[in-house]
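Please examine the sequence and the structure shown below. The report that follows describes selected parts of the fold, one topic under each heading.

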Amino acid sequence: MATHSNGSSEFNIPKIRFTKLFINGEFVDAVSGKTFETIDPRTGEVTARVAQGDKEDVDLAVKAARQAFDYGPWPRFSGFERGRIMMKFADLIDENIEELAAVDCIDAGKLFSRGKAVDIPLGANTLRYYAGAADKIHGETLKMSGSFQAYTLLEPIGVVGHIVPWNFPTSIFFMKASPALAAGCTMVIKPAEQTPLSALFYAHLAKLAGIPDGVINVVNGFGTTAGAAISSHMDIDKVSFTGSTEVGRKVMQAAAASNLKTVSLELGGKSPLLIFDDADVDKAADLALLGVVYNKGEICVSSSRVYVQEGIYDELVKKLVEKAKAWVVGDPFDPKVRQGPQVDKKQFDRILSYIEHGKREGATLLTGGKPCGEKGYYIEPTIFTDVKEDMLIAKDEIFGPVMSLMKFKTVDEAIKCANNTKYGLAAGIVTKNIDVANTVSRSIRAGIIWINCYFAFDKDCPYGGYKMSGFGRDLGLEALHKYLQTKSVVIPIYNSPWL
């Protein structure tokens, strides 16, 4: 079994400062006066009670965002001015990095050390990346065939609804909000009900940075109420959603049934990692384990299907089991810990249910498979072998630290296995052969392929899905264009010496 740590650091957990809704530049109670509990997954105990937004609150937030877009300064600022304010916002995040990392730790079970080193800086730096792009948004001059002069304008799409998931509450908040801000949009953001706390903190910092009232609104609440109200709202121009394929379908249906707002969806995954015979076995084992236990497996691109070529299969299995048993699970404030708790009891139970499915269907449990610790939602890194392609653990997105380990013989077989899924979010390839890397990377139907690495995200690298993993891209300049629309302007020209 994995090592479990009950220790923690000496860090003093901060008091939760923001628990209301943030609408039109102010923290306010929900219209209904209702609140809901947010739970600390380390213990299962209540962290705070948070205002529970509903349709009426979404209406107020959209009204504020519409007013800010139609009449406010944000879309009318120069790109340079928007960028300057966004840079200030990023600086304020840096100044509050420890408190923000702690908030995500007690809300989502994320590693405190990782939050300080990666998640929170990534949010700030994503803001800076798009701040730098804000004054470089421009159209084209067109060469018309007749006596006309024409050009295009790239205009902000309007009021955007962002629905943010619970697994990366900071990173995905800024993957969505940053390009929309740079484009000149205003927005209503619904954080996941499991992890609303950091979104409210960011709303506070946005106001301090000088982002005008109404530009960023945060409505905590449940998907079936607040999320549904955003998806079906007649005065929201676009919805950007990250979450499950099942809910993504509902978002798209609501958008179609309301005002035909544009939609971008980053949905589920069941990503393959293909390890070829020529791979460095120790490095491959490290990548394979990291691919399934990083962020406790609560990541859309988790490499939960690991295919190993038969020549190194036995050696790699042995190393994987050794590494999994040495993996330290425990309190995410403890700097020695590599894996914290699952986000909540529902997800904890769901993962354990899939582990039982794997056993019943005949897969061999090599290691893990059990809860660990006396309280909280901790699960050991779990590896199954003798997995068949039609088993639930090989087909469904589990969203936990559960690996399905399978064997292949040829390159063609590896490609066929990799594509044998309804999803197409990511894939990994481990090989020293450049021809194999090129052939396989071009043959897998997925939005991002990592060769001899995994989770290599960057602000400049677009990220999104094929097939039922959704459409539209986050990150990179491509994401900026989700929040812009193209207008063509045509005017006659008379007596011109040339066309």
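## Nonpolar cores

In this predicted model, the largest nonpolar core comprises 107 residues. Within that core, the residues with the most contacts are Phe-89, Ile-93, Ile-216 and Ile-275. Leaving aside residues up to four places away in sequence, Ile-93 touches Leu-100, Ile-120, Ala-124, Leu-127, Phe-174, Tyr-202 and Leu-205.

Another core, of 30 residues, lies apart from the largest one. Its members include Ile-355, Val-436, Ile-444 and Ala-446.

## Packing of helix 3 and helix 4

Two of the residues touched by Ile-93, namely Leu-100 and Ile-120, also take part in a meeting of two helices. Helix 3 covers residues 97–108, and helix 4 covers residues 112–133. Their axes are 9 Å apart, and the helices pack at an angle of about 115 degrees. Helix 3 is therefore roughly perpendicular to helix 4. The crossing of the two helices is right-handed.

Which residues of helix 3 meet helix 4? On the side of helix 3 they are Ile-97, Glu-98, Leu-100, Ala-101, Ala-102, Asp-104 and Cys-105. Their counterparts in helix 4 are Phe-112, Gly-115, Lys-116, Ile-120 and Pro-121.

Is strand 11, residues 238–242, mostly covered or mostly uncovered? It is mostly covered, since five of its five residues are buried. In a regular strand, side chains alternate between the two faces of the sheet. For strand 11, one side carries Lys-238, Ser-240 and Thr-242, while the other carries Val-239 and Phe-241. Both faces are covered, and the residues on each are all buried.

Strand 11 has parallel partners. Strand 8 (residues 159–163) pairs with strand 11 in the parallel sense over four bridges, and Val-160 stands opposite Lys-238. Strand 12 (residues 262–266) also runs parallel to strand 11, to which it is joined by five bridges.

Elsewhere in the model, three strands form an open sheet with the order 6-7-24 and antiparallel pairing. Strand 6 (141–142) and strand 24 (484–492) are the edge strands, each of which pairs on one side only.

Two bridges link strand 6 with strand 7 (residues 148–156) in the antiparallel sense. Within this pair, Thr-141 stands opposite Tyr-151, a residue of strand 7.

Note on methods:
Residues are numbered from 1 along each chain as its sequence is written. This is a predicted model: local features need pLDDT of at least 70, side-chain atom pairs count only at pLDDT 80 or more; totals for chains, interfaces and linings use all residues. Side-chain values use heavy atoms; hydrogens and water are left out. Two strands pair if DSSP finds at least two bridges between them. A nonpolar core is a set of buried Ala, Val, Leu, Ile, Met, Phe, Trp, Tyr and Cys residues joined through side-chain atoms within 4.5 Å. Buried means under 20% relative accessible area, exposed over 50%, partly exposed in between (1.4 Å probe, protein chains only). Contact means heavy atoms within 4.5 Å. Axes are lines fitted to C-alpha atoms, for helices over the stretch in contact, and angles run from 0 to 180 degrees between N-to-C directions. Angles under 35 degrees count as roughly parallel, over 145 as roughly antiparallel, 65 to 115 as roughly perpendicular and the rest as oblique. A crossing is left-handed if the near helix is turned anticlockwise from the far one by less than a right angle, and right-handed if clockwise.
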